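Here's a walk through one protein chain, from the overall fold down to a few individual residues. Have the viewer open as you read.

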Amino acid sequence: MVGADQHIKSGKRKKAAGSRNIKMASPETVLEVTGYRIGSIPPFCWQPEGFRTIIDASLLEQTVLGVGAGEWGNEILITPKRLVKAAKAVPFDLVQTSA
């Protein structure tokens with residue numbers, strides 16, 4: 001999970017996943033795997049066994065986060081601490097720093 005205004009740095013994504021052989025999924029693959037469209041994916045309650053959720057560490061500094069609620073245009077407001085617990089998310093530095 002990253003903020004909508006953030007960009008994941010490829011090398012950091014690969015390090016977080018523990019593999020150099022990964023790539024971003026297409027919108028069609030995301031829908032097929034999750035059952036949701038990009039931008040509406042809830043961060044919990046749909047993941048298959050063994051699925052890992054990684055959250056950008058900078059999001060933990062926010063007071064409240066808006067996350068997908070399963071339907072485009074709707075969101076769940078949640079504190080970062082509760083989001084990490086509910087999603088069993090692992091914080092990791094994922095984003096490209098601003099120049």
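Helices here are DSSP runs of H or I with at least four residues, strands are DSSP runs of E with at least two, and both are numbered from the N terminus. Read along the sequence, the chain then goes α-α-β-β-β-α-β. The radius of gyration, taken over C-alpha atoms with a globule rule of 2.2 Å times the number of residues to the power 0.38, is 13 Å, close to the 13 Å the rule gives for 99 residues, so the chain is as compact as a globular protein of that length.

A word on what you're looking at: this is a predicted model, where local features need pLDDT of at least 70 and side-chain atom pairs count only at pLDDT 80 or more, while totals for chains, interfaces and linings use all residues. Residues are numbered from 1 along each chain as its sequence is written, and side-chain values use heavy atoms, with hydrogens and water left out.

**The whole chain**

Along the principal axes, the C-alpha atoms fill a box of roughly 30 × 30 × 25 Å. Take contact to mean heavy atoms within 4.5 Å. Of the contacts with a separation of 6 or more, 65% are between residues 24 or more positions apart. The accessible surface (Shrake-Rupley method, 1.4 Å probe; for residues, only the protein chains shown count as cover) is about 7,300 Å², and 53% of that belongs to carbon and sulfur atoms.

For burial, under 20% relative accessible area is buried, over 50% is exposed, and in between is partly exposed (1.4 Å probe, protein chains only). Buried residues come to 27% of the 99 residues.

On charge, Lys and Arg count as positive and Asp and Glu as negative, with His and the chain ends not counted. Each charge is placed at NZ of Lys, CZ of Arg, CG of Asp or CD of Glu. That gives 13 positive and 9 negative side chains, with the centres of the two sets 9 Å apart.

Start with helix 1, residues 10-17, where K12, R13 and A16 are buried. Looking down the axis of helix 1, these buried residues fall within an arc of 100°, so they line one face. That arc is the one spanned by the directions from the helix axis to the C-beta atoms. As background, an α-helix has 3.6 residues a turn, so residues three or four places apart point the same way. The cover over the buried residues of helix 1 includes strand 1 and strand 4.

Now helix 3, where the buried residues are P80, L83, V84 and A87. Seen down the axis of helix 3, they too fall within an arc of 100°, so they line one face of the helix. On the other side of helix 3, K81, R82 and K85 are exposed. Strand 1, strand 2 (65-68), strand 3 (75-78) and strand 4 are among the elements covering the buried residues of helix 3.

**Residues to click on**

Where do C45 and K88 sit? C45 is in the loop between helix 2 (27-34) and strand 1 (53-56), and K88 is in the loop between helix 3 (80-87) and strand 4 (89-92). Each has a positive phi in a residue other than glycine: near 80° for C45 and near 50° for K88.

| Residue | Relative accessibility | Class |
|---|---|---|
| C45 | 79% | exposed |
| K88 | 70% | exposed |
| P91 | 39% | partly exposed |
| T53 | 9% | buried |

T53 is in strand 1. Leaving out residues up to four places away in sequence, T53 touches M1, P43, Q47, A87, K88, A89 and V90. T53 and P91 are 38 residues apart in sequence and 8.8 Å apart in space, C-alpha to C-alpha.

P91 itself is in strand 4. With the neighbours up to four places away set aside, P91 touches I55 and L60. P91 and D56 are 35 residues apart in sequence, with 5.6 Å between their C-alpha atoms.

The C-alpha atoms of K88 and P27, 61 residues apart along the chain, are separated by 24 Å.
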